[in-house]
Amino acid sequence: MSVDFVIPYYGDPEYLFATIDSIRAQHQQDWRLTVVDDQYPGNRALEYIEGLADERIRYVRNEERLGPNGNTYKASTLAEREFVSMMGADDLLEPNYLDVVLERMKADPNAIAVQPGVKVMDSDGVLVPSLGIGDKVKRRIAAPARKAGLISGEDAVKSLLSGNWLYTPSLLYRQSALSKIPYRPDIDAVHDLAFMVDMLMEGGNLLVDEREVFRYRRHQASDSSTRVKDGKRFDEELRYYGLIAKELRAKGWNAAARSADLHLSSRLHALMVAAGRLGAGDFAHAGAMVGRAVRSS
């Protein structure tokens, strides 16, 4: 069961090196890795990969910057093998990652992806001993899927639109399902959610496994964190929710469409940011965030 790892890369090269090393340390060695460099300054990534002299690893550099959404979509199109992992360029695999996710995918021919258990680490790679509020909320929303071991159809889409509980860099996809998704521009902040919703709308099971075989890095320097601070994340989320609600209604998935209309987790997130800005005495930005929390279009 062959695997394509594709990494949309832009960021600290030291993180990328550790990510590559964790792939090379897998128990199962039938894989190929493609690093898609989105014009990150310098040549350290290329030099590191060339120094490894591993024929399974290839390096692609974009001619122009595509951004997180565009680069992730491009990376997805370069995958050709039966199964695909699109890791973040700063995350890590446990050595038995492929053992676990391939076992689950092999057992269910209707599976389009599997979400394994995830450990959260900080920017220095230190495991976080207790979950933050965001991760606790994710676990609560995901509880029914985790208990059942899978989720599909409108129930799955409704669940994810209520609050995206996936750690998408940890997912293993079936390439035949991944290849069907369309490109949606101008949704950098929520492109990971859009990928999975589009796949689920085509049918198939999203599997959930409790075994913790992935290390997800959370830090304040991420592109997502920057977009939260300037409000662009919420603007992009609102654009996406409005678009997908229309598509879901056309499909007859009205309950999922209502979840998109409400986008409760996005609203609550904006209110939390507003409270933080208010506490810092930044009344203008606090007001702007409240506005984003209450608007419907």
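Good morning. I begin with Asp-90: apart from neighbours within four places in sequence, this residue is in contact with Tyr-15, Thr-19, Met-121, Arg-217 and His-219, where contact means heavy atoms within 4.5 Å. The structure is a predicted model, in which local features need pLDDT of at least 70, side-chain atom pairs count only at pLDDT 80 or more, and totals for chains, interfaces and linings use all residues. Residues are numbered from 1 along each chain as its sequence is written, and side-chain values use heavy atoms, with hydrogens and water left out.

Asp-90 sits in the loop between strands E4 and E5 (92-93). Helices (H or I, at least four residues) and strands (E, at least two) are DSSP runs, numbered from the N terminus. Is Asp-90 buried or exposed? Asp-90 is buried, and it has no salt bridge. Buried means under 20% relative accessible area, exposed over 50%, and partly exposed in between, with a 1.4 Å probe and protein chains only. A salt bridge requires a side-chain nitrogen of Lys or Arg within 4 Å of a carboxyl oxygen of Asp or Glu. The nearest side chain of opposite charge is that of Arg-217, 4.5 Å away; in this count Lys and Arg are positive, Asp and Glu are negative, and His and the chain ends are not counted.

I turn next to strand E1, residues 3-9. Seven of its seven residues are buried. On one side these are Val-3, Phe-5, Ile-7 and Tyr-9, and on the other Asp-4, Val-6 and Pro-8. Which strands pair with E1? Seven bridges join E1 to E2 (residues 31-37) in the parallel sense, and three join E1 to E4 (residues 83-85), also parallel. Strands count as paired if DSSP finds at least two bridges between them. Phe-5 has Leu-33 of E2 as its bridge partner, whereas Asp-4 stands opposite Val-84 in E4.

Helix H3, residues 67-77, has several buried residues, among them Gly-67, Asn-69 and Ala-75. Their cover includes E1, E2, helix H7 (175-178) and helix H8 (191-201).

Finally, the chain as a whole. Its secondary structure comprises 13 helices and nine strands. Of its 297 residues, 51% are buried. Among contacts with a separation of 6 or more, 80% are between residues 24 or more positions apart.
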